Amino acid sequence: MVALRERTIVSLRSVPSLPKHVRIQYDPVRQAFAVLSPEKVFWPNEISLDILRRCDGRSTVGHIIAGLAAEYDAEQEAVAADVIAFLQEWSDKLLVKL
Amino acid sequence: MSELLLPPIGMLAELTHRCPLQCPYCSNPLELLKANRELDTQTWLDLFSQAANLGVLQVHLSGGEPTLRRDLEQLIAGLSARGVYTNLITAGINIAEGRIEAFAEAGLDHLQLSFQGARPATTDRIGNHRGSHEKKLETARRARAAGLPLTINAPIHRHNIEEVPEFIDMALSLGAERLEIANVQYAGWALANRNALMPERAAVERQAEIVTAAQERLAGVINIDFVPPDYFAIYPKPCMGGWARDAFMVAPDGTVLPCHAAQTIPSLRFERFGERTLAEIWTDSPAFNAFRGTEWMREPCRSCERREVDWGGCRCQAMAIAGDAAATDPACSKSPIHARMATLIDETRRAVADTAADEAFIYRRIGVVTESA
């Protein structure tokens, strides 16, 4: 048996990125951003899209939360809970790499 | 009807019916097309370009065995240039040195590799090709080395249902992101081989428990998609996501179809790309409009709260079992002939007991089945 990957748990120090099999793309026909993955196409809402766009392989989760809280003029704690839950869900589906 | 007409998202391109394997459940039609009926490179590229204009975001390049097309690199590059997500569905046998790397360089997004068994003897017997398992393992390694994301596809039936835990281990050891445990559905070649392929009810139930437990245990490690067998179901599947709703397929000769088995519905006439544009076929083809949306439905579908969940299920299964393509899919417990599914399971079991039919596959070959009444 080879060494296997393990489930990753999101922390403020995680640096999320999109894996190679996932990409965000503007669809001119539907005039919306799509997330393309091997079998599924997702249509993220504006906030989800904002999170995914910040998954650039350089920014930490803490950094992403601070940026979004500033942009949406929202409580950092509330934003943190939403962002962490979102990233954990997408990581569990292998749509975000941590 | 017009409010239901959405642009298609996905397209399955069956580039060829040629294949080195002879799996007895192949989803290709019984009457396979020879190489001289296949569209040429430029026609496929034109079709892909029209598909992208129409709104197609993902193209699954399939067959037969798509790598037998020598122009596959060109086709991938054409799709990639239009930003279309490309998924290569391959048996992974005899792919020449350097080609997998060339597919990746052309812009291939993802590779899906089939395994007929988790054990070499099973893979070799089901595909009727000695040494195929080892070649597939090598293809998986080459795909990973080329940086391609990988799905392992495992079609499940009576002869490999006990190997499901081994399929999971194998997908993990190959570094796959995804595993499809897809139970064979009885259309096309699988319908011809139904007696030999039908699993036992207890094995189906055990399999579902194993997969559910693995999905939980391996969350964030590997995605396991499970396609349960229709004959054992309570509700039907939304076949192709609904007839002509957001996906379609194209046969090697350019015939545009709502699904794999659509040509088994004798009342429908299908059009070929070239005779009409893709947009015209998607929008106006009487065959595409025949079961689009919910207007065509009768009871019990018509007033069912699930009518926009499963879209009435599979039209071809309704044709095959109810003898009427507009009937409710018999896989649904609300179908008046749902009990027929259980009867068919029992009948196949008796046939196996009487005749050892489970050892006798009709292997998929070009020319084995020719046109008949």
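Two strands count as paired if DSSP finds at least two bridges between them, and strands (E, at least two residues) and helices (H or I, at least four) are DSSP runs numbered from the N terminus. The model is predicted, so local features need pLDDT of at least 70 and side-chain atom pairs pLDDT 80 or more, while totals for chains, interfaces and linings use all residues. Residues are numbered from 1 along each chain as its sequence is written, and chains are lettered from A, ligands numbered from 1, in the order written.

**View 1. The β6(B)–β7(B) pair.** These two run parallel, joined over 5 bridges. Look for B:I181, whose bridge partner in β7(B) is B:F226.

**View 2. The open sheet of chain B.** Its 9 strands go β7-β6-β5-β4-β3-β2-β1-β8-β9, with mixed pairing. β7 (223-227) and β9 (256-257) of chain B sit at the edges with a single partner strand each, so one side of each has no neighbour in the sheet.

**View 3. Helix α6 (residues 164-173) of chain B.** B:V164, B:F167, B:I168, B:M170 and B:A171 are buried (20 or more other C-beta atoms, placed from the backbone, within 10 Å of the residue's own). Down the axis of α6(B), the buried residues fall within an arc of 165° (taken from the directions from axis to C-beta atoms), so they line one face. Their cover includes β5 (150-156), β6 (178-183) and α9 (201-217) of chain B. Just after α6(B), B:G175 takes a positive phi of about 75°.

**View 4. Where chain B meets chain A.** Each chain puts 21 residues into the contact (C-beta atoms, placed from the backbone, within 7 Å). On the chain B side, β3 (85-90) and α6 each supply at least two residues.

Conventions: Buried ≥ 20, exposed ≤ 12 C-beta atoms within 10 Å, placed from the backbone. Contact = placed C-beta atoms within 7 Å.
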